[in-house]
Amino acid sequence: MSNRILGMWLRYLCIIPGLPPRGDLSTADVVLVQAFGRNQYPDSELDHITDLHVAYGKQDAVTIAKLREQGFDPGQPNRDLALACQQLVDTYGIAAIVQWEVTVAFDPAWYAAHRNRIVSLWPTAEYFSTRLVQEHSLRVMQEHGWTKPIELAHSWQIVRAFLIVRKLFGHEPMVSSETIRCFDSKSVQWWTRSKVKWLAYECLARVHHVLYRWV
């Protein structure tokens, strides 16, 4: 096993945040963005978001505008992820597949100018786990013929997200130098409110993923 792979597993097993940059980002054709918490609508109420999206004909821009009008708060981690995504899209002229919380967090003017490059992932009846988000992302990539993704996630989540993508896609995604480390005490997901709570959740998640061969 190479030192690179050993280093990856050390980060996974010891829950070390972040990943060194990987790959030639100039060759990428899409960035995958994993949301991190949200400050409204617990998981048990996400059917409201699904219904809203359907009510507006599954038109992303209209649904996003309505959520902003209602004052939806995506939380600071998702605002940081949105800004990092905007920079990658602008720098490399690529598309992005993002969870809906991150879409809401985009700068409105920027989103209006780039929405033809943004594919939003909306919640389903099933819990929108990291793995399920990546499964949906893979289907979107296949539909568009995209094959060279950059994985963008919170620094405390990216190792797990990276390994899930590698397992599902059969090859490693690229990783940028972006760093998102903040937590939001107002998050409706308790495990994204602080580093201590996150570590308690993440330990179990990583053991689960190894047992079920998700990584």
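At what angle do α7 and α8 pack, and how far apart are their axes? Select both helices in this predicted model. The angle is about 45°, and the axes lie 10 Å apart. Angles under 35 degrees would count as roughly parallel; α7 is therefore oblique to α8. The crossing of the two is right-handed.

**Stop 1: the α7–α8 contact**

Show side chains on both helices. From α7, pick T130, R131, Q134, E135, L138 and M141. From α8, pick R160, A161, I164, V165, L168 and F169. By class, this contact of α7 with α8 holds seven nonpolar, two polar and three charged residues.

**Stop 2: α8 against α9**

On the α8 side, select V159, R160 and I164. On the α9 side, select W198, Y201, E202, A205, R206 and H209. Five nonpolar, one polar and three charged residues make up the contact of α8 with α9. Note R160 and I164: both belong to the contact of α8 with α9, and both also belong to the contact of α7 with α8.

**Stop 3: the largest pocket**

The pocket's volume is about 220 Å³. Colour α2 (47–55), β3 (118–121) and α7 (130–144): each supplies at least two lining residues. Which element gives the most to this lining? α7 does, with four residues. The lining of the largest pocket divides into five nonpolar, five polar and three charged residues.

**Stop 4: the cavity**

Hide the surface and look inside. How many cavities of 30 Å³ or more are counted? The count is one. About 210 Å³ of space lies in this largest cavity. Centre the view on Q34, A35, Y127, F128 and Q189, which lie nearest the cavity's centre. In total, 21 residues line the largest cavity. The elements giving two or more residues to that lining are α5 (100–105) and α9. By class, the cavity lining has nine nonpolar, eight polar and four charged residues.

**Last look**

Display α7, α8 and α9 together. α7 contacts α8 and supplies four residues to the lining of the largest pocket. α9 contacts α8 and gives two or more residues to the lining of the largest cavity.

Note on methods:
Residues numbered from 1 in each chain as written. Predicted model: local features only at pLDDT ≥ 70, side-chain atom pairs only at ≥ 80, totals over all residues. Heavy atoms only, no water. Contact = heavy atoms within 4.5 Å. Nonpolar A, V, L, I, M, F, W, Y, C, P; charged D, E, K, R; others polar. 1 Å grid on protein atoms, 1.4 Å probe; cavity = no way out; pocket = protein on both sides within 12 Å on 5 of 7 lines; lining within 4 Å. Points joined across faces, edges and corners; volume = space filled by probe spheres on them. Axes fitted to C-alpha atoms, helices over the stretch in contact; angles between N-to-C directions. Parallel < 35°, antiparallel > 145°, perpendicular 65-115°, else oblique. Left-handed = near helix turned anticlockwise from the far one by under 90°.
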